[in-house]
Amino acid sequence: MAHESTYPVLDGHKILLNFARGTTSWPLSSYLQRGGYSTSKAVLVGKKYTPGELIDVVKASGLRGRGGAGFPTGLKWSFLPRGATDPVQLVVNADESEPGTFKDRVVMEENPHVLLEGCVLACYAIGSDSCYIYIRGEYVPAIKRMVAAVEEAYAAGHLGSDIYGSGFTCNITVHSGAGAYICGEETGLIESLEGKKGQPRIKPPFPAVKGVFGYPTIVNNVESIAAVTYIAHAGADGYRAWGTERSAGTKLFSVSGPVKRPGVYEVPMGYPFKDLLEVECGGMLDGVGLKALIVGGSSVPIVTGETALTINMDYESCEEHKTLLGSGGVIVIGEGTCMVRTLMTLLRFYHHESCGQCTPCREGTGWIERIVTRIENGEGNPGDIDELYRIADNMELRTICTLADAAAWPTKSFINVFRSEFEAHVQARACPYHNQFPDHLNLRGGGVPQRHADPEHAFIA
Ligand SMILES: Cc1cc2nc3c(=O)[nH]c(=O)nc-3n(C[C@H](O)[C@H](O)[C@H](O)COP(=O)(O)O)c2cc1C
Ligand code: SF4
């Protein structure tokens, strides 16, 4: 019998993916048919909100940053120095490099104008006339779509000087990165945008005080800024109609792994994982059991399949289950997968992507990768598991940015949750799973170690 959702689904009222899958949703003409740019007109010309009122609406909406940390967006905007004479900058973080995460790409490819309208509204609220959209270099189709959308919007007067005769100016520059995970960290991104090596800065000063080119800067994720369009349209209560008290609105989840329909889905916050798996994704592939789940991108703690089925997709429920919602990169792991090998694959990524400035990260990511590799290869020593845990523990909270923590958290949680598998490797002096990592199952949709999401498998519900 088909599993029916136990939660009210958006059912035609999607906020970011408000179009039918497979339709030509990205041109300006299509966006206008869906009511596009009516909100920016209402705000800029109709004076629906003053800039301060719009910040208050975003605060009241409960929108939390969708890049991973979940910091309240309106609150971040209010950190800009008052009365500053330097030009404020908006930077949209479209680096999207966290393994398992491929949701921003779908917004940019399928609904680019909702992001551009969000940029205009956010710039208006924070008093900026210039915005950069920093897109990871491998996202060539997204870069092309965004460049085309910016050109269309300029030509039709939705961007540029004196928009709709309102006196408000907003210029947007699309910037392509070069494919480094660390350029998704906001200060690494800023360095890269300035033409330097993408290495994070020590904070403070925070970007809101001294960001790109030394100017006050707001950095927000694609999904956060795109959501501002709906919030400005429907108001705080309209947005809060979806989700929970502390996790308002809708969220995009990119689901990969051995499920029938991997892809990107927009559901209300608080949606049960069980429903996401069974209803949106059509369940696990026939004959494959659910072994484990990484809820929010590869940095967050792993949970068992059993635990996963009791999680609701919101900040509170994830914390209650000792994990994090992160960026919403849902990695489903099937029965038969070797967890030591899975961790080894993740750690290879973090070691490779460390920018090298901090010793605990530069050296630590290499150490833990080497130890896990030797355990997987049947060359582990009895003390290796505790050593691995100790090194990971010592990497936490000691570095300029949280890449070191992003490698340490999964390491500690893999040991906490699947310690017996590590022990079995050491005792047998071999991988009991015969080094099994069923790539053809676990990589469906752009999962664990794959950095280039497979276009065939990214789709919209
Ligand atoms: C190593 C690392 C990589 C990150 N990668 C991304 C990314 O690809 N996209 C993103 O939006 N945020 C990323 N972040 C978080 C950003 O630093 C920042 O918090 C975010 O862009 C803020 O936007 P938000 O408040 O809208 O979430 C990363 C952080 C770290 C430490
Ligand atoms: S934690 Fe790692 S990635 Fe972050 S600044 Fe230090 S060395 Fe670079």
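Analyst: **The helix pair H13 and H14**

In this predicted model, the axes of helix H13 (residues 339–353) and helix H14 (residues 359–376) come within 9 Å and cross at roughly 155 degrees. Helices here are DSSP runs of H or I with at least four residues, numbered from the N terminus. Axes are lines fitted to C-alpha atoms over the stretch in contact, and angles run from 0 to 180 degrees between N-to-C directions. H13 is therefore roughly antiparallel to H14, a term for angles over 145 degrees. The crossing of H13 and H14 is left-handed, meaning that the near helix is turned anticlockwise from the far one by less than a right angle.

On the H13 side, Val340, Arg341, Leu343, Met344, Leu347, Arg348, Tyr350 and His351 take part; they meet Thr365, Gly366, Ile368, Glu369, Val372, Thr373, Ile375 and Glu376 of H14. Two residues are in contact if their C-beta atoms, placed from the backbone, lie within 7 Å. By class, the contact of H13 with H14 comprises eight nonpolar, four polar and four charged residues. Ala, Val, Leu, Ile, Met, Phe, Trp, Tyr, Cys and Pro count as nonpolar, Asp, Glu, Lys and Arg as charged, and the others, Gly among them, as polar.

As to confidence, the protein chain has a mean pLDDT (the predictor's confidence in each residue, from 0 to 100) of 91, and 91% of its residues reach 70 or more. Over residues 445–461, however, pLDDT stays under 50. Where pLDDT is low, the predicted coordinates should not be read in detail.

Residues are numbered from 1 along each chain as its sequence is written, while chains are lettered from A and ligands numbered from 1 in the order in which they are written. In this predicted model, local features need pLDDT of at least 70, side-chain atom pairs count only at pLDDT 80 or more, and totals for chains, interfaces and linings use all residues.

Conventions:
Helix = DSSP H or I, 4+ residues; strand = E, 2+ residues; numbered from the N terminus. Parallel < 35°, antiparallel > 145°, perpendicular 65-115°, else oblique.
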